[in-house]
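Reader: I'm new to reading protein structures. Could you walk me through this one?

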Amino acid sequence: MPHSSSSRSFRVGFVYLYTGLTELLPLHAVYALLMASHGVSTSELSLLFALWTVTTFLFEIPSGAVADRFPRHRVLACAALAQCTGFVLWTGLPSLGSFAAGFVLWGLSSALTSGTLQSLLYDGLAADGRSEEYTRVSSRMATVQACSIAVSSVVASPVVLVGGYSAAGWISVVLTLLAVPTALRLGHGRQLVPATDAPATDGTDTDDLPAQGWLFLLRAGLAEARDTPQVRSCLLMISVLAGVSVVDEYLPVLAKEGGAPSAVIPLLLLLPWGAMALGSFMGWRLSGAGNRALAGLLILGGSALALGALSRHPGGFLGIAVFYWVLRMIQVVMGARLQHAITGPARATVSSVAGLGAQTVALMIFLASALSARWASASVLVAATSVPVFLTATLLLLSPRRLPHPSPGARRTAGRHRARPRSRADNPDRHR
């Protein structure tokens with residue numbers, strides 16, 4: 001049953017804090033080394049990665065429906081607790097079985113978080129009549145994420161030097177454990193009252209639904225993702241743009257191929273990470289941009305990626321940095337458009353479809369690269385990733401009319417009456 005907020009304003013600061021705590025993990029940079037130090041071979045590590053990927057695939061969409069059925073702040077708390085438990089197993093009981101269990105828990109955590117955090121943020125702002133702020137707030141959240149990952153990579157080396165891999169592990173355990181009460185604070189003090197008899201939409205609290213509530217929300221979310229043109233278009237572009245970002249896995253090899261000394265490679269990798277943070281911070285400024293402007297930026301970014309990779313020179317990383325700068329800006333814009341386009345009762349489920357799509361695109365890139373690596377260099381493989389970027393730009397050019405961007409006044413009204421589904425008359429462009 002949907003509810004509308006009637007008391008305390010949504011606390012955006014806890015969203016930033018939760019994002020930072022779950023990303024500022026030194027174990028991220030060294031977990032492969034930790035496992036290798038306990039006898040895990042390269043082939044076994046590959047199997048663990050496969051187990052991680054399969055787990056996330058299996059739980060991605062169902063977990064979105066769970067986040068629509070139950071309070072989303074509690075789902076996020078469970079996600080952090082699952083990740084924390086996995087790190088405890090890795091650090092306290094290192095073995096192949098513990099590593100496998102940890103990857104399953106991490107995959108479950110990723111699935112529970114995917115779509116849930118964005119949906120909770122959007123509905124929390126909408127309940128306060130502030131949904132027009134979503135693009136700016138989500139842009140800052142992405143900035144916190146990128147900066148946290150970069151900082152965790154930088155601090156991992158001194159942490160390991162001082163305390164070994166176990167120090168990195170226990171610090172990560174503490175940070176993810178702190179994320180649990182942080183997530184719970186996102187629902188603290190928000191008194192919610194029933195608005196209609198439809199399934200829950202705001203995700204911060206819910207009355208008991210019938211047994212088929214979860215299945216209803218799952219079907220509703222998948223139906224909206226499939227049948228609503230605006231939502232379907234956003235999901236497709238978000239999936240492609242998020243999926244191609246995995247090209248960063250090949251950047252160390254590209255730098256080595258370009259003749260960069262081993263000591264310089266970590267510094268070169270800071271360029272794309274810095275560009276990601278800058279793009280995340282600037283993304284909200286493009287919230288009013290049309291599709292043609294976004295397509296032009298994508299063409300610029302794809303060209304910079306291809307030229308930078310094919311240069312086979314360390315200086316080419318400047319072009320790659322431009323690509324990631326553009327990529328993160330467009331991701332922020334398209335993520336906000338998706339949230340504004342969703343009108344059904346299963347926001348987290350629809351958002352999770354984007355996560356599944358991104359993983360699918362990433363898997364396709366990994367498989368294509370593996371098959372082509374016998375005859376293609378790393379520079380060619382990285383440059384080829386610009387092809388789906390150009391295709392996305394073409395899709396934007398073929399749809400010159402951008403998604404409707406509700407006025408602040410309209411959003412405030414939606415925030416007060418958010419339980420009433422918008423009809424075609426309310427949103428005439430929905431079925432373009």
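Reader: Where in the chain is Leu 24?

Author: Quick heads-up: this model is predicted. Helix α1 covers 12-23 and helix α2 covers 27-37. Leu 24 has its place in the loop between α1 and α2.

Reader: And is Leu 24 buried, partly exposed or exposed?

Author: Buried would need under 20% relative accessible area, and exposed would need over 50%. Leu 24 has 31% relative accessibility, so it counts as partly exposed.

Reader: Which helix gives the most to the nonpolar patch?

Author: The patch sits on the surface, with about 520 Å² of accessible area together, and Leu 24 is one of its residues, along with others including Val 151 and Leu 267. Two helices, α7 (134-185) and α11 (265-282), each supply at least two residues. With three residues, the one that gives the most is α7.

Reader: Okay, on to charges. How far apart are the closest N and O atoms of Arg 72 and Asp 123?

Author: Side chains of opposite charge can pair when their charged atoms come close. The structure holds seven salt bridges. Arg 72 and Asp 123 form a salt bridge, and their closest N and O atoms are 2.7 Å apart.

Reader: Which residues are linked with Arg 72 in a network of salt bridges?

Author: Arg 72 is buried, and Asp 123 is buried too. Salt bridges tie Arg 72 into a network with Asp 68, Asp 123 and Arg 347.

Reader: What about Asp 227: buried, partly exposed or exposed?

Author: Asp 227 meets Arg 226 in a salt bridge, at 3.0 Å from N to O. Its relative accessibility is 45%, so Asp 227 counts as partly exposed.

Methods
Residues are numbered from 1 along each chain as its sequence is written. This is a predicted model: local features need pLDDT of at least 70, side-chain atom pairs count only at pLDDT 80 or more; totals for chains, interfaces and linings use all residues. Side-chain values use heavy atoms; hydrogens and water are left out. Patches are made of residues with over 30% relative accessible area and no salt bridge: like charges are joined within 9 Å, nonpolar side chains (Val, Leu, Ile, Met, Phe, Trp, Tyr) within 5 Å. Accessible areas come from the Shrake-Rupley method with a 1.4 Å probe; for residues, only the protein chains shown count as cover. A salt bridge is a side-chain nitrogen of Lys or Arg within 4 Å of a carboxyl oxygen of Asp or Glu. Helices (H or I, at least four residues) and strands (E, at least two) are DSSP runs, numbered from the N terminus. Buried means under 20% relative accessible area, exposed over 50%, partly exposed in between (1.4 Å probe, protein chains only).
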